[in-house]
Amino acid sequence: MIVAVICFFRAESFTSFSRNHTNQLLDVRARYDLACTKLANWAQRLSVSVRHKIAPALTQNLLATLLFCPAVVYANPPTIRYAHPNQLVFSTLKKENGERNNPLLRLAKTLIQQAGFDFESVSYPAARMFHSMDQGYANFSILVYSPSLDKCCLMSKLPITTTQLRIYHKQETPRITNIELLAGKRIITIRGYSYGQLKPVISNPNNNIALSPAITHTSAFAMLEKGRADYVLDYKQPSIEVLQLHPIPSIQFEILQEIDVHLVIHKSFPNAPLVLTELERIIETMDIAGLLDLPLDPVF
């Protein structure tokens, strides 16, 4: 069994250097620590899974390599607990086995496993999901930016993908070219979505917006087709899926918001800033479009 290896030197030994040099050395050491921890976790799994098959010399070489790593080797690597909403923005379809198609979950699992961490996932209603991240019950997610997460979490510098909030209508219905034009309109929404920054606008009684909640995306567009309201407020991917299966002649849409989606990690996770940097590095090498496998817009 691979045991914990204690650091052979500490940052305090660099007190003769300037503050800038010390910070640089700490950053280098932190990166080295993470690499050594990942190596140690891999070695731990290897020694357990093939304990009776690998040569003793290989085990000794692994231990000798680890002795040069100034990091604590975990017998069990930290677990990434991924939180995602139960009302999905990127798909509403089900697979042949009955499981829901969840592109972001698929991407998150691949990313975390490539980074060498154990992976768990849990779904929440939107409000509870943000609360779970805030309290640290979950420590990782892929989300749009929210000020409520600033104190508890770190967010990737760049978005990993994007989506759109759209407003659909029939050809004869006036176009909505800005949010202010929503006032006085009859709009179908989908239950379970908070609609983020748009919520204060559509829920403000002064805007005189008549909201008609639909249970599903399919029922929302059916209501639009039957004239029960003039507009449907929906996200890009679910709306594409519905309209591919049930086209509505001459339907049109405008984009109300382009929405960036980021990696989010809780600050309490061990070495959180460094882990986030590593995740950003790994995801740059991944085929994100292939993993998400999102539908293309139909020709209206």
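Arg281 and Glu278 sit together in helix α8, three residues apart, or about one turn of the helix. This is a predicted model, so treat what follows as a reading of that prediction. In general, an α-helix has 3.6 residues a turn, so residues three or four places apart point the same way. Here the two side chains meet in a salt bridge, at 2.9 Å from N to O.

Now step back to the helix itself. α8 covers residues 272–283, which makes 12 residues, and its first and last C-alpha atoms are 16 Å apart, close to the 16 Å expected at 1.5 Å a residue. Most of α8 is covered, with nine of its 12 residues buried. Among them are Leu274, Val275, Leu276, Ile282 and Ile283, and also the acidic Glu278 and Glu280.

Glu280 takes us out of the helix. Its relative accessibility is 14%, which means it counts as buried, yet Glu280 forms a salt bridge with Lys157, with the closest N and O atoms 4.0 Å apart. Lys157 lies in the loop between β4 (153–155) and β5, so this pair ties α8 to a part of the chain 123 residues away in sequence. Lys157 is exposed, at 69% relative accessible area.

Searching the whole structure turns up five salt bridges. Another one of them joins Glu120 and Arg81, whose closest N and O atoms are 3.0 Å apart. Glu120 is in strand β2 (residues 118–124) and Arg81 in strand β1 (residues 79–85), so this bridge ties together parts 39 residues apart in sequence. Both ends are partly exposed: Glu120 has a relative accessible area of 38%, and Arg81 has 28%.

Next, have a look at helix α7 (residues 236–245), another mostly covered helix, with seven of its 10 residues buried. The buried set includes Gln237, Pro238, Ile240 and Val242, and the buried residues of α7 pack against β5 (161–169), α6 (217–225) and β8 (231–235). At 0% relative accessibility Pro238 counts as buried, and its contacts beyond four places in sequence are Leu88, Val89, Ser91, Thr92, Tyr193 and His217. Pro238 and Leu93 are 145 residues apart along the chain, but their C-alpha atoms are 8.3 Å apart in space.

That leaves the rings. The whole structure holds eight aromatic pairs. One of them is Tyr168 with Phe221, an edge-to-face pair at 5.2 Å centre to centre with 80° between the planes. It links distant parts of the chain, with Tyr168 in strand β5 and Phe221 in helix α6, 53 residues apart. Tyr168 is buried at 0%, and Phe221 is buried at 2%. A second pair, Tyr193 and Tyr235, has centres 5.0 Å apart and planes at 75°, so this pair is edge-to-face too. Tyr193 is in the loop between β6 (186–190) and α5 (199–202), while Tyr235 is in strand β8, so the pair ties together parts 42 residues apart in sequence. Both of these tyrosines are buried.

Tyr82, Phe119 and Phe140 are linked by ring pairs into a cluster. Finally, Arg166 lies over the face of Phe253, 3.9 Å from the ring centre.

Conventions. Residues are numbered from 1 along each chain as its sequence is written. This is a predicted model: local features need pLDDT of at least 70, side-chain atom pairs count only at pLDDT 80 or more; totals for chains, interfaces and linings use all residues. Side-chain values use heavy atoms; hydrogens and water are left out. Helices (H or I, at least four residues) and strands (E, at least two) are DSSP runs, numbered from the N terminus. The expected span of a helix is 1.5 Å times one less than its number of residues. Buried means under 20% relative accessible area, exposed over 50%, partly exposed in between (1.4 Å probe, protein chains only). Contact means heavy atoms within 4.5 Å. Rings of Phe, Tyr and Trp (its six-membered ring) pair if their centres lie within 6.5 Å; planes under 30 degrees apart count as stacked, over 60 as edge-to-face and the rest as tilted. A charge sits over a ring if NZ of Lys or CZ of Arg is within 6 Å of the ring centre and within 35 degrees of the ring normal.
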